[in-house]
Amino acid sequence: MTSASLTTDENKVEISCQSCGSQLILDAHQLSTVCPYCGSPSVISRPPRQDIPTPAFVIGFQIDKQRAADLARQWLRRGKLFAPKDFKSAIPNLIQGIYLPVYLYGSTAQTLYTASIGENYTETETYTTRDANGKTVTRTRTVVKTEYRHLDGKHACYVMDVIVSASKGVSNSQFQAIEPYDLRAIRRYEPAMIAGWAAEEPSRSQANCFDLAREETRASIQRQLNQFMPGDSFRGLDFRINFTREFIDLALLPVWCFAVRYSEDKPPVQILVNGQTGQVAGNAPVSLGKVSMVVLAVVVGIALLIGLMILAQG
Ligand SMILES: [Zn+2]
């Protein structure tokens with residue numbers, strides 16, 4: 001799976017973004033002077049690369065340009081508590097639809113875990129207090145206590161559907177925010193399938209993507225273990241995963257990229273729209289003014305509450 005570049009089409013232009021490091025392949029007529037991921041104008045054309053793996057799979061676009069633009073606009077308007085007002089009313093600027101390079105990861109994960117499992121029980125205890133007349137009296141009450149016991153065990157699962165971004169222009173956490181993709185629509189890659197679209201060669205190393213995929217898998221196994229623990233509560237969950245039969249395949253997935261510029265002195269904000277499902281995500285900027293107002297309100301609220309408690313006791 002090496003030795004061939006993404007396409008051998010002569011009408012393609014390969015460019016490299018000097019700002020975010022993505023490696024783009026555009027149709028000659030689409031030659032763009034801005035990077036679709038970061039909005040930076042510092043893109044330069046570069047000679048074709050020959051040492052890039054060929055994609056194994058592709059999912060086609062289901063969401064058209066107009067629909068993607070509508071979804072991005074709705075996303076901006078929706079209540080973003082801490083976003084500056086200018087951001088919410090900004091117009092998302094479509095850069096383009098792109099086939100994003102990702103790695104599909106799978107493996108068999110065998111996990112050994114240990115934890116302390118808590119079982120609750122109730123106990124009746126006696127205590128002394130003063131009654132309304134100021135006399136010391138002894139009363140009883142029921143309290144919940146927890147007894148812990150050690151548990152260790154094995155957990156095994158197939159990991160099938162972990163997808164990580166292979167583009168430096170889209171961080172894996174940004175990409176996770178527009179997941180999932182419906183993998184039932186996946187097809188074997190043919191260059192004709194992406195004709196007329198921009199695509200990118202992986203700009204992140206396969207080793208780096210392996211690490212990201214294992215990290216995602218680890219987080220998902222941790223969630224499964226958390227749900228799976230018996231008893232009323234647990235603590236000290238510790239686990240070690242042994243990955244076997246790992247595979248990683250390069251695929252191209254459809255994404256619409258938008259850049260929102262809401263202030264002259266701020267870099268544009270990237271908004272991504274899943275080109276198959278329409279899921280939208282982006283990192284809405286945080287207005288410091290709004291945050292300090294909320295923090296102030298909370299602090300004042302707590303101070304009032306403490307004041308009331310002191311008054312009630314006194
Ligand atoms: Zn860029």
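1. The chain exposes about 17,700 Å² of surface, and carbon and sulfur atoms supply 53% of that area. The model is a predicted one, and within it buried residues account for 43% of the 314 residues in the chain.

2. As to overall dimensions, the C-alpha trace spans about 95 × 50 × 30 Å along its principal axes. The radius of gyration of the chain is 27 Å, whereas a compact globule of 314 residues would have a value near 20 Å.

3. The chain holds five helices and eleven strands. Of the contacts between residues at least 6 apart in sequence, 75% join residues that are at least 24 apart.

4. Strands β5 (residues 93–130) and β6 (residues 136–165) run antiparallel and are joined by 28 bridges; within this pairing, L104 has I163 of β6 as its bridge partner. Five residues lie between the two strands of this hairpin, and G134 there adopts a positive phi near 85°.

5. The zinc ion is coordinated through the SG atoms of C17, C20, C35 and C38, at 2.3 to 2.4 Å, and along the chain these donors follow the spacing C-x2-C-x14-C-x2-C. The arrangement is tetrahedral because the four donor atoms subtend angles of 106 to 114° around the zinc ion; for four tetrahedral donors the ideal angle is 109.5 degrees.

Note on methods
Residues numbered from 1 in each chain as written. Predicted model: local features only at pLDDT ≥ 70, side-chain atom pairs only at ≥ 80, totals over all residues. Heavy atoms only, no water. Donors = N, O, S within 2.8 Å, 3.2 Å for Na, K, Ca; no water. Tetrahedral: all angles 85-135°; square planar, octahedral: opposite > 155°, others 65-115°. Pairing = 2+ DSSP bridges. Helix = DSSP H or I, 4+ residues; strand = E, 2+ residues; numbered from the N terminus. Rg over C-alpha atoms; globule rule 2.2 N^0.38 Å. Buried < 20%, exposed > 50% of the residue type's maximum accessible area, 1.4 Å probe, protein only. Contact = heavy atoms within 4.5 Å. Areas by Shrake-Rupley, 256 points an atom, 1.4 Å probe, with all protein chains shown as cover.
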